[in-house]
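Dear colleague,

Please find below the structure that I am handing over to you. My notes on what was found follow directly after it.

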Amino acid sequence: MGLSQALATAISGLRTTQAGMSLVAANVANAQTPGYVRKTLSQVTTAAGGTGVSVRVDAVTRELDQYIQRQLQTETSGASFSELRARFYTQLQQIYGDPSSDTSLESVFNSFTNSLQALSANPSDFSSRTAVLSAAQILTSQLNGMTDQIQALRSDAERGLADVTATANNALTQIASINRQLATGGSADATAATLADQRDYYITQLSQILDIRVIEGDRNQVSVFTGSGVQIVGTQAAQFSFNEQGTVTPNALYNSDPTKSNVGALKLILPTGASYDLIANKGIRSGQMAAYLDMRDNVLVEAQTQLDAFAAALADSLSSVTTTGSTVSSPPQAGVDLDISNLQDGNSFQFSYTDVLTGKVHNVSVVRVDDPKALPLPASATVDPNDEVIGLDFSGGTAGIANQLNAIYSGKLSFSDTGTALRILDNGTIGTIAVNGATATRTAGSLSGGGPELPFFDDASKPYTGEITESGSQIVGFAGRISVNLSLLADPSKLVAMSATTSSGDPTRPNFIYEQLMTASHAFSPDTGIGTAAAPFDGKITSYLRQVLSQQGQAAQNADSINQGQQVVYNSLAQRFKDVSGVSVDQEMANLLNLQNAYGANARIMTTVREMYQELMQVL
């Protein structure tokens, strides 16, 4: 090897070791930088003319295990989803309160029923009456406050969706921009490696927000898809659209029909301009977006429904008056007469008939609906899964109701107005239909109606009747509006006095109130999550409340357990990824020492070559 060849080899060695030392410095400087992947030099040996060789930098390599990276992206979505749900469940549990606390819903309800029991023992005692009303006000206030807090959590979820949408859109824009830069630049230099780090950082951000799948393409580019298979970024970025609605109320619910939805809709706007409804199409399955949507539209809505059903049971159990129809015979027909004159909007009457030929029993619920835009009613308008629901306009009186029902049943049954009742008759000589009976359930409108039933609880300033309008059922959000009847607060004697002749010591009404709350059976909608659509929960209010509290506690515990397990998986993968791709300062210092030795050796060669050239020049 000649002196010039030796010099060239030393110079290339110096350049390579300088590049290596710069890379070590960058690794150490970015040891704590999020998304930074450790870099190494890829070197190749080249011919330097004659028999000499030299070395040069071929590429800057990112130390990356792509399999672990893909797994980590998946588990990042899962960990973000489980962590956010667990946090919301913890907050929800705080709303229900510690069961052993005097301020928990169960404790407050028990205080109310205990005060009723004391009143039953001493109906004429004024302090016992005021204690009942005070306990009732505390109970309604508790339900009002719990509703406010649940809706505050739903508002938090709404705002959270707006925040993560903005973060996701920025990440998508950055990923697309970096893809374009990498496509036009080199793929193996330090700049490309740095850009790839930045892109991975935004991909990690995106994986926290929703479930994604990353596919590598040509020219060092990547394409990102949602877990459901929709491409959201390549060289162009899609954008998420979310129309935040601000404060959320119990009536603010999602509907795939935009004209009926009154919470924010989450859509994906593709680069082509096409719009994709991510909620209706269940396009988001994990990550923070999925958790926020699940809490806003499912978990917290069910929690509110449970409270509303509890509040409605309190009101209905004390104010519902049931009248049974009387058997009539109008040869050749037979049936029942039923007084429906006092039914209010939302009240209903039921009749039953048997198809003699098949033996099938038909249970029909006819609901008074004063808002024609709410018609026709769905089968879910009543709790009974086996009844046939009919919503009718009562404005035409009993005769108008009879005409509407005659049009529906077309001679199978006949309906008429007797002047005092609705008459329901079978089909006479045909003999294929048998009327079994009928009942009407109305809301008591007076504190002194003569019976033990009374409108103890109101919906703000009006009676609770379960009315149904175009905007929904009165039960929705009722827990946030339930209040003690102001007339009852003004005259506590009505807790005992059913009429002007009732004795002040008569325990009939106090006993009725207590028994309705403690021992009477009530049916609850399967929308509460208690029971099923085929077999709704039917039982005591106390049993229902215990079921609700038990279910919520178990759900919170499950969410916490799932989150703990998910975090273990995520942390394990994150550590494996760090072991491969993270910067070890100790290792980098060892590399730096080797590079310094190599640098010194190359520098020594250059010094030696210079000295030899000097001696050669002296000889010449």
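A460 is placed in the loop between β18 (457-459) and β19 (462-463), where helices (H or I, at least four residues) and strands (E, at least two) are DSSP runs, numbered from the N terminus. Although A460 is not a glycine, its phi is positive, about 60°. With 43% relative accessibility, A460 counts as partly exposed (buried means under 20% relative accessible area, exposed over 50%, partly exposed in between, with a 1.4 Å probe and protein chains only).

This is a predicted model, in which local features need pLDDT of at least 70 and side-chain atom pairs count only at pLDDT 80 or more, while totals for chains, interfaces and linings use all residues. Residues are numbered from 1 along each chain as its sequence is written, and side-chain values use heavy atoms, with hydrogens and water left out.

S410 also has a positive phi, near 45°, and is a residue other than glycine. S410 lies in the loop between α7 (397-409) and β15 (414-417) and is exposed, with a relative accessible area of 62%.

Two cis peptide bonds should be noted. One joins P331 and P332, with omega about 10°; P332 belongs to the loop between β10 and β11. These strands, β10 (residues 326-330) and β11 (residues 333-338), pair in the antiparallel sense over five bridges (strands pair if DSSP finds at least two bridges between them), and a hairpin of two residues connects them. V328 has G335 of β11 as its bridge partner. The other cis bond joins L375 and P376, with omega about -5°, and P376 sits in the loop between β13 (361-368) and β14 (387-392).

An open, antiparallel sheet has three strands in the order β6-β7-β8. Its edges are β6 (239-242) and β8 (275-277), each with a single partner strand, so one side of each has no neighbour in the sheet. β7 (residues 266-269) pairs with β8 over three bridges, and K267 stands opposite D277.

Finally, the axes of helix α2 (residues 66-96) and helix α6 (residues 287-319) come within 9 Å and cross at roughly 25° (axes are lines fitted to C-alpha atoms, for helices over the stretch in contact, and angles run from 0 to 180 degrees between N-to-C directions). That makes α2 roughly parallel to α6 (angles under 35 degrees count as roughly parallel, over 145 as roughly antiparallel, 65 to 115 as roughly perpendicular and the rest as oblique).

With kind regards
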